[in-house]
2 protein chains.
Amino acid sequence: MKVTIKDIAKKVNRSITTVSRALNGYDDVSSKTKALIIKTAQEMGYTPNTFAQRLQKQFTDTIGLILPTFSPRFADPYFSELLAGIGNKAATLDYDLLVSTRAPGEQEIEAYRKLIEGGRVDGFIVVRTRKQDARIDYLIDREFPFAAFGRSEKNSDYSYVEEDGYYGMQLIAEYIAGLGHKDIAVIISDPMLNFTGERMSGLRDGLSSHNISLKNEFIRTGDLTQKSGYDNALELLKRSDRPTVIIAFNDLMALGAMSAAQELSLEVGRDVLVTGFDDIPMSEHSHPPLTTVRQPVYTIGGMLCEMLIKIIKKEITTHQQELFKPALVIRQSTGEVDSLSEE
Amino acid sequence: MKVTIKDIAKKVNRSITTVSRALNGYDDVSSKTKALIIKTAQEMGYTPNTFAQRLQKQFTDTIGLILPTFSPRFADPYFSELLAGIGNKAATLDYDLLVSTRAPGEQEIEAYRKLIEGGRVDGFIVVRTRKQDARIDYLIDREFPFAAFGRSEKNSDYSYVEEDGYYGMQLIAEYIAGLGHKDIAVIISDPMLNFTGERMSGLRDGLSSHNISLKNEFIRTGDLTQKSGYDNALELLKRSDRPTVIIAFNDLMALGAMSAAQELSLEVGRDVLVTGFDDIPMSEHSHPPLTTVRQPVYTIGGMLCEMLIKIIKKEITTHQQELFKPALVIRQSTGEVDSLSEE
DNA sequence: TTGAAAGCGCTAACAA
DNA sequence: TTGTTAGCGCTTTCAA
């Protein structure tokens, strides 16, 4: 049976109040009884009943994370890493992490609503923000604490962490233009996603400062999976006027694009250059290793978590907005020869 | 402010008891009041306070999942998919999923203990079982409900789902032996993991029925990451007596091994054959596509979740043990030529 | 068919 | 320094 403060109270012949206070470190308990109570509690293997505590204190020490999944085959390494970042930080700060997956849409907002109304979470981490983001509108409207990974278009009056996608893509553009390439194709992500626009602007601006513009036929939209990178690249590379560079908006699509090129017997890094975005662990060990933009996802997860908890605890009142400058990671998929150039 | 049954009671001029009963569908409430109460509740946007319910009912409608992470760069697509499988099923059955990450060891058991003692979860899903699994011993000892993905060595007297790793590796062995190869290297996983032994036995038995035995120098141990597949394969392939086949114990390591081969200008599928295990989504779109053994991880996640909830609800009392027969998926990494051979 | 009252395990205002 | 008491929101006996 579970041990309660009542059991402890009986054992040490004190009231439950005293036990509660001793255990919570109040200093209006004599140090003798305090020590006794703490010792007894330990011996009896006492752990407070979270629900009772929460019911009483009216907060939950839980943060919610509803992952937007588009398909059941949901296997983005990016999210595992983000999850670990959030989860580990949450554990450190004594918070629980309640995870749910939901496809974007009606059901998604409903899931948010349920968790809020049921008093189950103190706040949310919202990931993969959309330009028009119903989740964010909803949370702002309800004045419910949240921290977002990314901005949305119209209303950015809240706390978020974002990698500077504009800047990241500029780096790519500068680098590629510097290599003298002009026939550049791009596999973008869903235009609804906010970062798609950011990255696209960065790319466009970066290229146009070298008088390069993107041909419409060379702009394709993928869904961030390896398969869609593969499919799109295949079509691009089968053209008679095929591009010499493929810029993908994430690593998974870039890896798919490399496979497509190789399938057509093109050598990546020579016949066609490929770049990604994210720097997931496998990009370093792909063949060839992938040139990409590094986002410290694990760290970002931790930051988001910390930020959210501060908001919940009202330790910060103004909106915190962090913009990460990502770094370009040059590897062989863009022709770098020396395999020892890294680290 | 949150709406409680008290608010509803006041509004309809009934006691909170009646409201509670109406809302819970008891039939000792006049259908008139029942209808009125339900309507009012809806209008007021009532959602029950989960913690109050749980405190009262003494269960939590929450299942726990503590992911064993070895490093912060935790990016296994396999786990994202498993998580989605568990999470979606849990949502369907109106259960919450509480997720935590913890490195194997002391801290890990402590995390289990805390969730149990704090009355926070009704049961656990245990993943990546070890031969000697302290988590399982602990849960059995405490008679706490759980379902495991995989068995452990000594005590398998509990409910689990497992893919038949012995069988899966036999398929690989048969197939490779049938191609006439003899110089076979293998990159295994941590011997502590239960499936390592299973897969190794399957491989050994499958090969020995063709009079092939594994050389000790050709057996290497990796940590299931792409990097370790890469590193190990590099060493294997640099030998003067290099193997003509590399069998990796998961896809991530196999993908790393392919990169290593390609870095040494070996053609995968011709100069060296590579196989994996899992069939993560990216294996279909790697270059070359990877021959592997398919594990329906998403489905398994759902099954585990369902199984656990049945155990919690005491709908099943005997231990359920499901052994999946995985299927061999042959692709070009073992020399298949026709790229249209799939699907 | 309804309501009063107890209690799940805990915290905290107030009194002693 | 300690204990009494009320109450968080809900379910569930028991009585009316």
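**Close-up views of a predicted protein–DNA model**

Within strand S3 of chain A, A:Gly123 is the bridge partner of A:Ile63. The model is a predicted one, in which local features need pLDDT of at least 70, side-chain atom pairs count only at pLDDT 80 or more, and totals for chains, interfaces and linings use all residues. Residues are numbered from 1 along each chain as its sequence is written, while chains are lettered from A and ligands numbered from 1 in the order in which they are written.

View 1. S1(A) spans residues 62-68, and six of its seven residues are buried. A residue counts as buried if 20 or more other C-beta atoms lie within 10 Å of its own, as exposed if 12 or fewer do, and as partly exposed in between, the C-beta atoms being placed from the backbone. Helices (H or I, at least four residues) and strands (E, at least two) are DSSP runs, numbered from the N terminus. Two strands pair if DSSP finds at least two bridges between them. S1(A) pairs with strand S2 (residues 96-102) of chain A in the parallel sense over seven bridges, and three bridges join S1(A) to S3(A), again in parallel. In S2(A), A:Leu97 is the bridge partner of A:Ile63.

**View 2. Helix H7 of chain A and its cover.** Helix H7(A), residues 134-142, has A:Arg135, A:Ile136 and A:Leu139 as its buried residues. These cover an arc of only 95° around the axis, which puts them on the same side of H7(A); the arc is that of the directions from the helix axis to the C-beta atoms. Their cover includes helix H6 (106-117), strand S3 (123-126) and strand S4 (146-149) of chain A. After H7(A) comes A:Glu143, with a positive phi near 55°.

**View 3. Helix H4 of chain A against its counterpart in chain B.** A:Thr50, A:Phe51 and A:Arg54 are buried in H4(A). Seen down the helix axis, the buried residues of H4(A) fall within an arc of 90°, so they line one face of the helix. The buried residues of H4(A) pack against H4 of chain B. Just after H4(A), A:Gln58 has a positive phi of about 65°.

**View 4. The two protein copies and their interface.** The same surface serves both copies, as 100% of the contact residues of chain B recur in chain A. In the interface, 52 residues of chain B are in contact with 53 residues of chain A, contact requiring C-beta atoms, placed from the backbone, within 7 Å. On the side of chain B that touches chain A, the largest share, eight residues, comes from H5(B). By class, this side of chain B has 21 nonpolar, 20 polar and eleven charged residues. Ala, Val, Leu, Ile, Met, Phe, Trp, Tyr, Cys and Pro count as nonpolar, Asp, Glu, Lys and Arg as charged, and the others, Gly among them, as polar.

**View 5. The surroundings of DNA strand C.** DNA strand C is surrounded by 25 residues, the closest being A:Thr4, A:Ser20, A:Asn49, A:Ala52 and B:Ser30. A residue is near a strand if its C-beta atom, placed from the backbone, lies within 6 Å of it. H4(A) supplies the largest share of this surface, five residues. The residues near DNA strand C divide into seven nonpolar, 13 polar and five charged.

**View 6. The surroundings of DNA strand D.** Of the 25 residues around DNA strand D, A:Thr17, A:Ser30, B:Thr4, B:Asn49 and B:Ala52 come nearest. H4(B) gives the most to this surface, with five residues. The surface near DNA strand D comprises seven nonpolar, 13 polar and five charged residues.

**View 7. B:Arg102 and its neighbours.** B:Arg102 lies in strand S2 of chain B and is partly exposed, with 19 other C-beta atoms within 10 Å. Not counting residues up to four places away in sequence, B:Arg102 touches B:Ile66, B:Pro68, B:Gln107, B:Glu108 and B:Ala111. B:Phe70 is 32 residues from B:Arg102 in sequence, with a C-alpha to C-alpha separation of 8.0 Å.

Definitions and conventions:
Contact = placed C-beta atoms within 7 Å.
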